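Here is a quick tour of one model, with a few local details worth a look. Have the structure open while you read.

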Amino acid sequence: MSDLDLDVVVLGGGGHVGLPLSLAFAAGGLRVGVFDTNEATLERIGRGEMPFREGGADELLRSVLPTGRLALSADPAVVARALALVVVIGTPVDEFLGPSMTLFERTVEQVTPHLRDGALVVLRSTVYPGTTAYVAQAFADRGARVDVAFCPERIAEGHALEEFRTLPQIVGADEPAIGDRAAALFARLGGEIIRTSSKEAELAKLFTNAWRYMKFAIANQFFMVADQAGVNYANVLEAIRRDYPRAADLPGPGFAAGPCLFKDTMQLAAFTSDHFPMGQSAMQVNEGMPAYIVSALERRHGTLRGRTVGILGMAFKAESDDSRASLSYKLRKLLAWAGATVLCTDPYVADARLVPLEAVLVEADVLVLGVPHRVYCDLDLGDREVVDVWGALGRGITL
């Protein structure tokens, strides 16, 4: 085995973003190092088992493994086996809703001893504007001569493999030669390449996620206005959108959750001099939806003490097993604080606190649809009291 036997290493390659990317690179003919510190996850991948739900990934993993184009490792030394490193790590905000550079600083410390001179380092995670330049300087300060680019992830979780082929890839680099290297790597995924500077690419990703988050917020705000006016919002939404193209992109209400939209909107708020009041307002509306539901139930019943409330779905979105930043968990906590006994279920999420769907249907006085998994849409709930702000259960939008 030569000491440069891989084309690219994906740091965080066993996660929801990194593993589909690793598989897509391998399917494109590249030899890929999957570097992840979670050894249990690597063992599952090595057995041909996806550690989470992702459309088409089970079959692709099983087809790629026998080719030998995937090298699974929890040892940072695997970085030295390639001249390209793609960094996929979580980018949380801190307790003050500002950017946290801690994970990037740790990553630089971890991989610098193993990087080849002239290696290409591509940041894939959504980052605070200026992070690419910050990381490039951090490598330089440690004597590492590397090229650093930013190529933001743009896929929707669960649809990654399809969208790698169909969505353009943004390549952000501040020197043409670095952009050429990153573009050549991501061209292996099959999509169009869009070239920008690093900061333009960073802002493009943040603006995209903040825009989606604000769209969900206006949908939720409209729902609350209509509900407080005693109006059936399902009828309002139908009247607005039917055969009217200028309103076709107005989403329906529901929980706007997950590991990206809230966080990235707050990163943008921390970056701007006026703290992005539209984004801050969107956060208050979206994060306030669970409390709005609890308040509505308290107004209806007087108190929730002595009542059992069942939450259907604990993932952050439909047909997913990812519960990171799910607002169903916030709803669970608020209901418990209000005195209710809360039973939660989800067909995909692994959580020892969850109970079978049958138990929830038998024991709950009130059902709340936390996420519209398809399995719930065919339930015969009779005349049960159901809160469905998604409008997914065939009863319209109900609260």
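Ala 325 is partly exposed, at a relative accessible area of 48% (buried means under 20%, exposed over 50%, partly exposed in between, with a 1.4 Å probe and protein chains only). Keep in mind that this is a predicted model, where local features need pLDDT of at least 70, side-chain atom pairs count only at pLDDT 80 or more, and totals for chains, interfaces and linings use all residues. Residues are numbered from 1 along each chain as its sequence is written, and side-chain values use heavy atoms, with hydrogens and water left out.

Ala 325 sits in the loop between β9 and α13; helices (H or I, at least four residues) and strands (E, at least two) are DSSP runs, numbered from the N terminus. Phe 276 is in the loop between α10 (261-271) and α11 (277-287).

| Residue | Phi |
|---|---|
| Phe 276 | positive, about 55 degrees |
| Ala 325 | positive, near 55 degrees |

As for accessibility, Phe 276 counts as buried, with a relative value of 14%.

## The sheet and its helices

Four strands make an open, parallel sheet, in the order β10-β9-β11-β12. Two strands pair if DSSP finds at least two bridges between them. At the edges are β10 (341-345) and β12 (385-387), each pairing on one side only. On average, neighbouring strands are turned by 25 degrees against each other, direction ignored. Axes here are lines fitted to C-alpha atoms, for helices over the stretch in contact, and angles run from 0 to 180 degrees between N-to-C directions.

Strand β9 (residues 308-312) runs parallel to β10, and five bridges join the two. One to look up is Thr 308, whose bridge partner in β10 is Thr 341.

Helix α12 (residues 289-301) packs on the sheet and touches β11 (366-369) and β12, its direction making about 155 degrees with that of β12. Contact means heavy atoms within 4.5 Å. Helix α13 (residues 327-337) packs on the sheet too, touching β9, β10 and β11, and its direction makes about 175 degrees with that of β9.

## A helix pair

What about α4 and α5? The axes of helix α4 (residues 102-111) and helix α5 (residues 131-141) come within 10 Å and cross at roughly 35 degrees. On the α4 side, Phe 104, Glu 105, Val 108 and Val 111 meet Thr 131, Tyr 134, Val 135, Ala 138 and Phe 139 of α5.
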